[in-house]
Amino acid sequence: MNILTEKFNTPYHSAPFNSIKNADYLPAFKDLIQKSEAEIDAIVNNSDAPTFENVIEALAYSGEQLDVVSNIFFNLNSAETSDEIQQIAQEVSPILTEYSSKISQNEALFNKIKKVYDEKGKYNLNEEQEMLLNETYKGFVRSGALLNEEDKEKLKKISMDLSVKSLQFGQNVLASTNAYFKHITNKEDLAGIPEAIIDQYAEEAKERNLEGWVVTLQYPSYIPFMTYAENRELRKELALANGKKSFDGGEFDNQNLIKELLNLKQQKAELLGYKNYADFVLEERMAKSPVKVFDFLNELLTKAKPYADKEIEELKSLAKADGIEEMQGYDHAFYAEKLRKAKFDLNDEELKPYFPLHQVQDAVFGLAGELFGLTFEERNDIPKYHEDVKVYEVKENGNYKSLLYVDYFPRKGKRAGAWMTSYKNQYKRNGENSRPHISIVCNFSKPTKDTPSLLTFQEVTTLFHEFGHALHGMMADTQYPTLSGTSVKWDFVELPSQFLENFCYEPEFLKTFAKHYKTGEVLPDEKIEKIEQSKNFMEGYQTLRQLGFGLLDMNYHTKVAELEHESVKEFEDKYTKATTLYPSNSETAMSPSFSHIFQGGYSAGYYSYKWAEVLDADAFQYFKENGIFNPEIAAKYKVLLSSGGTKDPMELYKSFRGSEPKVESLLKRAFG
C-alpha cells in the first residue's frame, strides 16, 4: 500500500512527511492519475442529461488526492529538494502535463460542459456557481478545446515542453547559486561588516570544514555583504558572481532555455488565436491588455524617474568623496546604507536586536487576532518535512480554521526568496467545510549559539507580506476548491500580502512588539520616527527597479521574434535602458536567473506587483482614515479575503472600498 494514495491517517489529514519515502512519489502519481481519470470517465459516461451538478460541480471536486500529492511534492522540490527529488520532478512533470492536457482536450467532456454553458439560463445559479461555470468553460477553450485534433496534439506537446524546460530553468538557477562561495581568510576583508553577520560567515565556513569565513549567494549571506563590506573589489567579485548566475556559458546556463521557453509560449498563443503570449495571459487579468499594462508602467516610470535620478545623484556625491568617479551597481547598497545612516542615523544592525523572529511572528499572529479573531497554537504531533519547520493550528473564535506551516531558515535544498503556498485547498462538500493547510517559506538568518534569529526591517516586512498571502489562504470560505483562497486573478493576488506590510510602519503597532531581545526595551520613539521617515527611502530607485522587471517581462512576451537575431543580454539591455540607473556590465545579466517569469507564474504578469501596490495603498488609506484596527472595515476586508475567486476582483474591491482604487494613493504614499 502506498501511503500517498490513501486518506492520510494524521491530525486533520495533514501531509504524513515522517512516513513518505521518495520512492513513493512516482507510483503514487501514476495511481492517482488513473483514479482521477476514472472520475472524469464517470462524468463523461453518465447517461443522465448534462447538468451543472453532474458535470461542472463533479469536475470541480475531482482529483482531490492528486492535487494534495502534487502540492506536497512540488512544495518539497522548492523547500527541501535533493538530486533524487529533482530527478523525480523531471519524470513527473511531463506525466502531469499529459494528464491535464488529456482532460482539457477531452472532447466528450467539453461537449457536456459546453451544453451546460449554452443552457445556463435554465439553471438557477448563484454568483459562485456562475463564476465556476464561466471559468470552467473558458479554461477549456483556453486549453485548446475548440482546436482540431492535429492542433490539440501540437498544444499538448508544447505544454509538456514548457513544463520540463521551466523546471530545468529553476534547477539551473539553484545549482548555479549553490556552486559559488567566497572563502575569506583575512578578517580585514570583512571590514565594515557587523559582528553578528561575521559570525554567520564563520558558521558557514565551519559547516564546510573550512577555516575563516564563507560568503554565499544566498540572500541572507549576499545582501549584508553588499550592504556593509568596505572592500570594493570583493563587492565587485560577489556582484559579478551573482550576475553571472546561469549566464556564464557553463553547465547551468539558461540563455538558450529562455529563447526556447519564449518561443514555445509564442507558439502556444498563436495556436490559440492570440497575437502573443501577453495577449493570452492578460485576457484573464484585471489589466486585460498589454497596452493597458505598458501605459500603467510608463505612467509610473515618468512620475518616478525624477525621484530616482535625484536619489542616485545623492549617492554619487557620497561615492565621489571616497574617490569613486563612476559609481557601479555593486556600490549601490553600500552607499545607500551610508546615506540612510547619515539621513536617519538608522541601520539594519541597530534595529535587528528589536526584531527577534519569535517576537515578529507573535506580532503578526496577534494582528490576525485583532483584525479577524484568529489564534495560533503550535502542534508537535503533526508531521514536518524538516526539523526547522513549525506547525500551528489556527482557530477562529475557538473553532478550527486552518493549519499553518512556517519554515524560516536557508538550507542547501531550499530555493532563495520567500513564498506562501498550500498543501490543501479549502472547499465545502456534503455539509463539511474542509479547511486549508497553508505554508510560509522564507530565508532568514539562522540563530547562532549566542543570539536568536534577528530580522532586518526588510525581513520583518517580508514576513508580514507572506503572512498576508497566508491569510488569504486561511480565511478562504468558498464552495469550490478551484475558486478558493489565492485562486484569484494574478494581478489581484498581491493585494493581501502588500496590504499587510503597511502595519509595519504604524507606530502604535510597532511599539507592541519591537522590543530588544536582551533588555526588553521598546524601540525608542526617535527610531520609530526614523523608520517612518525612511519608509520611502530610495523609493524612486526601488520603483524603477520593479518597473524595469515589469517592462522587461512584457517585452519578452510581446516581442519574442527579436530574440532570433539578438542575444538575451542585448534584449535585456535594450528594454531595461529607460529604468537602468547604473552602467550595464557585459559579464552579467539578470534574465537567466529571473525565475519569477521563466519558472514561476509571473510570465507577462510581473507588473502585478506595482498594480497591487495601487490596490494596497488605496485599501490601507481606508483603514488609516478610520483607524487601523477598525472592526467594521476589518470585517469588510475579511469578506474580500474569504471570497477567493468567486467574484470579479474589481467588483470585490469596490464592495470593500466603495470605489475603484486610485493611483494617487500610491503616489501619495511613495513620494508625498
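Me: What makes asparagine 209 count as exposed?

Reply: In this predicted model, asparagine 209 has a relative accessibility of 73%. Exposed means over 50%, so asparagine 209 counts as exposed. Asparagine 209 is found in the loop between α8 and β2 (213-216), and has a positive phi of about 60° although it is not a glycine.

Me: Why is lysine 288 called partly exposed?

Reply: The relative accessibility of lysine 288 is 48%. Buried means under 20% and exposed over 50%, with partly exposed in between; lysine 288 therefore counts as partly exposed. Its place is in the loop between α12 (277-282) and α13. Lysine 288, although not a glycine, has a positive phi of about 75°.

Me: How do you know that alanine 28 is buried?

Reply: Alanine 28 has a relative accessible area of 0%. Since buried means under 20%, alanine 28 is buried. This residue lies in helix α1 (residues 22-45). Not counting residues up to four places away in sequence, alanine 28 touches Asn2, Leu4 and Thr5. Serine 70 is 42 residues from alanine 28 in sequence, and the two are 10.0 Å apart in space, C-alpha to C-alpha.

Me: Which residues make the contact of α8 with α9, and how many of them are nonpolar, polar and charged?

Reply: Helix α8 contributes Ile197, Gln200 and Tyr201, while α9 contributes Pro220, Ser221, Pro224 and Phe225. By class, five are nonpolar and two polar, with no charged residues.

Me: Which residues have the most contacts inside the largest nonpolar core?

Reply: They are Phe355, Leu404, Phe464 and Phe467, in a core of 140 residues. Helix α13 (residues 290-321) gives the most to this core, with eleven residues. Apart from this core lies another, of 59 residues, among them Leu4, Ala15, Tyr480 and Leu483.

Me: What does leucine 404 touch, not counting residues up to four places away in sequence?

Reply: The residues that leucine 404 touches include Phe365, Phe376, Val391, Tyr392, Ile438, Phe467 and Met474. Lys390 is also one of them.

Conventions:
Residues are numbered from 1 along each chain as its sequence is written. This is a predicted model: local features need pLDDT of at least 70, side-chain atom pairs count only at pLDDT 80 or more; totals for chains, interfaces and linings use all residues. Side-chain values use heavy atoms; hydrogens and water are left out. Contact means heavy atoms within 4.5 Å. Helices (H or I, at least four residues) and strands (E, at least two) are DSSP runs, numbered from the N terminus. Ala, Val, Leu, Ile, Met, Phe, Trp, Tyr, Cys and Pro count as nonpolar, Asp, Glu, Lys and Arg as charged, and the others, Gly among them, as polar. A nonpolar core is a set of buried Ala, Val, Leu, Ile, Met, Phe, Trp, Tyr and Cys residues joined through side-chain atoms within 4.5 Å. Buried means under 20% relative accessible area, exposed over 50%, partly exposed in between (1.4 Å probe, protein chains only).
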